[in-house]
Amino acid sequence: MANEEERQLLVVIFDVNPVWWGIKSLQGQAQITKCLDCLLVFVNSYLMLRHDNKLAIIASHSTKSVFLYPAQESNQSPDPSKASTSDQAGGDCRYEHFAKVDDSVTDKFKELMRDGCEKNDIRRDSLIAGSMAIALCYIHRMQIESHGNTKLNARILVIKAADDAASQYMSFMNVIFAAQKERVVVDACILGQDSGLLQQACDMTSGMYLKVPHQDAFLQYLLTAFLTEAELRKESLVLAQSSRPREVDYRAACFCHRSLVDIGFVCSVCLSIFCQFSPICSTCETAFKPPVQASKSRKKRRALPANGT
Amino acid sequence: TAMSAEQIQLLISQVRHKKRDGSLYLMSERLAWCPEGRDHFDVSHLYSDIKCQKVSPEGKAKIQLQIILLNESSFVFHFSNTNTAEGKSDREKVKTLLAQMLPKFRRTIDKELEEKNKLLQQDSELFQTYKDLVVSGVISPEEFWNSHSSVRKLSSSKQNLIAQKVGVSAGFLAEVRPQSDGCNGLRYNLTSDTIHSIFSTYPAVKRKYLENVPDKLTEKDFWTMFFQSHYFHRDRTAQSSSKDLFADCVKKDEQDILSLLSLGVKDKFNDLTYLEDGDSAQDEGYGNTLNEPLPGTAKPSASQIAHKNIIKRFNHQNAMILSTSLRFFNFTNFVTQEKDGNGVTETDGEVVIKKARLKDATTYSDLESPHSSNEAMLNIQKNERYKHGPTLVCQAHQELNNDNVREGMRIISSQCENYKPRLSQVLKPSNAANALKELSSGMSSSSQTSENAIQHILSQTQQDELKQLYASLSELLRHFWTCFPANTTFLQEKVNRMCHSIETFQQTRLRVFQDQLRRSMVHANVTEHLDDMISAAFAKFNSWQSKKTRR
């Protein structure tokens, strides 16, 4: 089992892009509330594994990232209506920790979605990179707060719904490198389309990338694949197999067209990538000689006198 | 073996071997031992097989002689004559006779051959390849050894035989510690190393030695005089009696010292006489005291003279020792470089060097402030190119201001408004089972040991045979491919030969193996790769030949 002196910290990033979820609801394929239920059960199971397992849940909206748990202290006086529900919850013999988590998530989620479905919130993508950055900061803070007595084993689970956005590429890559440096494992559970960025993230931090085909069994996927921490997954025959490195698309983009290239030209001065040769690098204005193509012509030239004599 | 009709040169009885009595026979070509009462030899070795002999030390009770053969085995003979003197003389006789006979029969073993044999013995893979290729006649031994990297190690090690010489120890004379031999005399132990050191340090002594020994003086006398001379005694001063061999050496040494002095100190940084300002070199602490008159004015006392002599001899000896190493590397031109007066006039180059040395000695790099290194600035015109990633292909181009979108958001809004977690109705068992099945299906698709693994197809011997084939074929192919481009006639001949060898290999070893496999019902084509390599070689050979005939 895990090292006695190690504690686990799981940060779940839940993609709540209203546009995507709205369309899916309309098509009857998915429902955000059901998904949230599954997530809560999953999180409860995680907390049940060890008494000192730590948890954080971040909702990644199209315009902001919000901590669903642990809830940030608000300066407002507690709403009496809210107080009654929590009292009610406290009185129903749930495990207190679960109750705390569930209630916090529910309240914050409702708050977010109440204010978050406006017109200016309509975007195709969610702020995943931003949420991951917040998660990494939280992890870092937790590591410092644990005073180095116990090692903190942190991982991030991204439940992604909406598609990738090209505008987030740079931030995303930086976040991935930071996670790699901090030895934070990034796992991904994809509800929508495949995400190249998250594939790269999982590959580089040795996490697990899983695409969920349909959401009826979403909880089962979560429980099977993501309940255990990264090191233990190696012991499982099933999980070790399925998280084998698939073909992750690591291709770089050329600077001229922003399209992915396999083989290209790189300026040796400024390291910018081009798909075609140009005598002057447009980024740093260095002049280059065109590549020599002498070998073929030389062979022809050599063959000629042989035939001639 | 029956008794040969060779001539018996020496017969010693009462020789024990392996705790049995018997007699030792030394014939004209061999050495043999026959146990008591038998008529055939138990042990018999040709002189040419014997590498060397050894005897037990003088003081030991057992009188033994050991012969060591070329193949490192040894045999011990014990001379068990009850009369120890006779036993010893017997052994001496055997030893002298062997010492005479062995050199006659000694086979001049080529050292290289020995090394090659050792290499083959040590590296079993090499040996196997050697057996496969050379013994079966596919390739000649020289070619085999020529291209093997291990042989290159052999030849390179020969080049390093120019051993590095150890220099002369500064205290070599002190190591010759005299021991008193009881009655008022002293015993000096001279080793050849000491003698070598003395000769290289004092060439004058060497000259005297060559002149006088062995005609005029015996070695013993020479060394006795040496130890009585000033070289070894600090208090002996120059005595002009001609009996003393080394008297003129003293004078010569004085001249040497003077010439060394006049050479001066080459390095200006080490030259104390340069410190003339303020006469600091003449101050107290440099060998002068305030009360004493300046050197050169008053007559020095006897003790002062003795001290001066000692120091002079120290310096002289050190200079001689240092010059041994210089002499060895032919640096004499360096030492006898011209000294122009006191070196007042310096060249520009020397000044620069001096400044550099001063700077070097007075600055510490880590005490300085960190330098901003002169880097070339990168001139980038379009910075923002680095800030964007690729345009991702999977962009669904849907209108964002769709009615669907707004409708969906409304639905979401209402759902979340009325959200109450119902955590017990989240998962249906059938769905869970399906999901588990899908996740576990990853396991069966790639099993650890697939059915096509080589361990399942071939037996261990067959696998070993296959490995051997690969090793030998790779060796042949390497010889073949390194011949190209075939510029010289030697290479062209080699190409032909190699092609031939590969053909033979294919016919003899490969086909045999393939037949074996077929007979043992192995249907998988494990030798496909070998065939491919061979056909590639043949194709190259054909194209090369056709090119050759075309020219």
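Biologist: I see that B:Tyr25 has B:Ala32 as its bridge partner in β4(B). What makes strand β3 (residues 22-27) of chain B and β4(B) a pair?

Modeller: Two strands pair if DSSP finds at least two bridges between them. Here five bridges join β3(B) to β4(B), running antiparallel, so they pair. Two residues link them in a hairpin. Bear in mind that this is a predicted model, where local features need pLDDT of at least 70, side-chain atom pairs count only at pLDDT 80 or more, and totals for chains, interfaces and linings use all residues. Residues are numbered from 1 along each chain as its sequence is written, chains are lettered from A and ligands numbered from 1 in the order in which they are written, and side-chain values use heavy atoms, with hydrogens and water left out.

Biologist: Which strand pairs with β4(B) over four bridges?

Modeller: That is strand β5 (residues 43-46) of chain B, also antiparallel. B:Trp33 faces B:Val43 there.

Biologist: How do you know that strand β4 (residues 30-35) of chain B is mostly covered?

Modeller: A residue is buried if its relative accessible area is under 20% (1.4 Å probe, protein chains only). Five of the six residues in β4(B) are buried. Over the 551 residues of chain B, buried ones make up 28%.

Biologist: Moving to chain A, why is strand β4 (residues 151-160) called largely enclosed?

Modeller: Nine of its 10 residues are buried, so the rest of the structure largely encloses β4(A). Strand β1 (residues 6-15) of chain A pairs with β4(A) in the parallel sense over nine bridges, with A:Leu10 partnered by A:Arg155.

Biologist: Why is the crossover from β4(A) to β5(A) called right-handed?

Modeller: With the strands pointing away from the viewer, a right-handed path from the first strand over the helix to the second runs clockwise. The β-α-β crossover through helix α6 (residues 169-181) of chain A is right-handed.

Biologist: What makes helix α1 (residues 18-27) of chain A largely enclosed?

Modeller: Eight of its 10 residues are buried, so α1(A) is largely enclosed by the rest of the structure. Among them are A:Trp20, A:Trp21 and A:Ile23. The buried residues of α1(A) pack against β1, α2 and α4 (96-115) of chain A, together with α14 (403-417) of chain B.

Biologist: Why is a group of residues called a nonpolar core?

Modeller: A core consists of buried Ala, Val, Leu, Ile, Met, Phe, Trp, Tyr and Cys residues joined through side-chain atoms within 4.5 Å. The largest has 59 residues, and A:Trp21, A:Phe42, A:Leu55 and A:Ile159 have the most contacts inside it. Helix α2 (residues 32-49) of chain A gives the most, 11 residues. Apart from this core lies another of 35 residues, including B:Leu119 and B:Phe144.

Biologist: Which residues does A:Leu55 touch?

Modeller: Contact means heavy atoms within 4.5 Å. Not counting residues up to four places away in sequence, A:Leu55 touches, among others, A:Leu10, A:Val43, A:Tyr69 and A:Tyr138.

How values were computed
Buried < 20%, exposed > 50% of the residue type's maximum accessible area, 1.4 Å probe, protein only.
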